[in-house]
Amino acid sequence: MIKKNRNKPEKIFEQFVLDWFELISKGQWNEAFAQLDLPPTYGKKYTPELFRHEIENDHFCQGTVYRKNHPEITYTNPKKMAGNGRPSLYKIDGTSNFSFEFDVPLNNEFSDLTSGWEFIDSGESYKVRLDFLHVL
């Protein structure tokens, strides 16, 4: 959960996602995934294993152009990279909830893989959902 504060929601959510990917880049997988409160709207809650499998064996499997350019996938700290990951915030109609998209930082660049997040208003805080990974 993310405690609400006086910052604008887009700043709160972007900072959360930056911090989350920073944990991943440091190998703190369990700490990162412990911050997810809800499963995706379509299936099982992401685990470190499911997340890595989806990136390394589904989206960027052997034989893809990305994998030919990057034979070994490394998870990069977005705070130490140029660019901003194209953050996009959308308010979910008829709710106080938000959808947020951010490009996944891999191999020292923002990849074509976009992470989709939902931040669900629960009073004094927001529940966090990593909803999808899609190549856009």
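**Strands, core and salt bridges in a predicted model**

Strands β3 and β4 run antiparallel and are joined by eight bridges; strands count as paired if DSSP finds at least two bridges between them. The model is a predicted one, with local features needing pLDDT of at least 70 and side-chain atom pairs counting only at pLDDT 80 or more, while totals for chains, interfaces and linings use all residues. Residues are numbered from 1 along each chain as its sequence is written, and side-chain values rest on heavy atoms, with hydrogens and water left out.

Staying with this strand pair, F102 has S115 in β4 as its bridge partner. As for cover, 10 of the 13 residues of β4 are buried, so the strand is mostly covered; buried means under 20% relative accessible area, exposed means over 50%, and partly exposed lies in between (1.4 Å probe, protein chains only).

Stepping back, the protein has four helices and five strands, in the order β-α-α-α-α-β-β-β-β along the sequence. Helices (H or I, at least four residues) and strands (E, at least two) are DSSP runs, numbered from the N terminus. The radius of gyration is 15 Å, close to the 14 Å that the globule rule gives for 136 residues, so the protein is as compact as a globular protein of that length. That radius is taken over C-alpha atoms, and the rule is 2.2 Å times the number of residues to the power 0.38. Along the principal axes, the C-alpha atoms fill a box of roughly 45 × 30 × 25 Å. Of the 136 residues, 46% are buried. Among contacts with a separation of 6 or more, 54% are between residues 24 or more positions apart, a contact being heavy atoms within 4.5 Å. The accessible surface is about 7,500 Å², and carbon and sulfur atoms account for 47% of that (Shrake-Rupley method, 1.4 Å probe; for residues, only the protein chains shown count as cover).

Now for the inside. The largest nonpolar core has 35 residues, and the members touching the most others are W20, F33, F51, I55, W117 and F119. Such a core is a set of buried Ala, Val, Leu, Ile, Met, Phe, Trp, Tyr and Cys residues joined through side-chain atoms within 4.5 Å. Two or more residues come from each of α1 (9-25), α2 (29-33), α3 (48-59), β3 (98-106), β4 (109-121) and β5 (125-135). The largest share, nine residues, belongs to α1. Neighbours within four places in sequence aside, I55 contacts F60, I73, Y75, V104, L106, L113 and L133. Over in β3 sits S99, which counts as buried because its relative accessibility is 17%. Not counting residues up to four places away in sequence, S99 touches S88, L89, Y90, I92 and W117.

Seven salt bridges turn up in the whole structure, each being a side-chain nitrogen of Lys or Arg within 4 Å of a carboxyl oxygen of Asp or Glu. D121 and K4 meet in one of them, at 2.8 Å from N to O. This pair links distant parts of the chain, 117 residues apart: D121 is in strand β4, K4 in the loop between β1 (2-3) and α1. D121 is partly exposed at 27% relative accessibility, and K4 is partly exposed at 32%. Another salt bridge joins D103 to R86, with the closest N and O atoms 2.6 Å apart. D103 belongs to strand β3 and R86 to the loop between α4 (65-69) and β2 (88-91), 17 residues apart. D103 is buried, at 5% relative accessibility, whereas R86 is exposed, with a relative accessible area of 53%. E118 and R129 also pair up through their side chains, at 2.7 Å from N to O. Finally, a network of salt bridges links D19, E22, K26 and K79.
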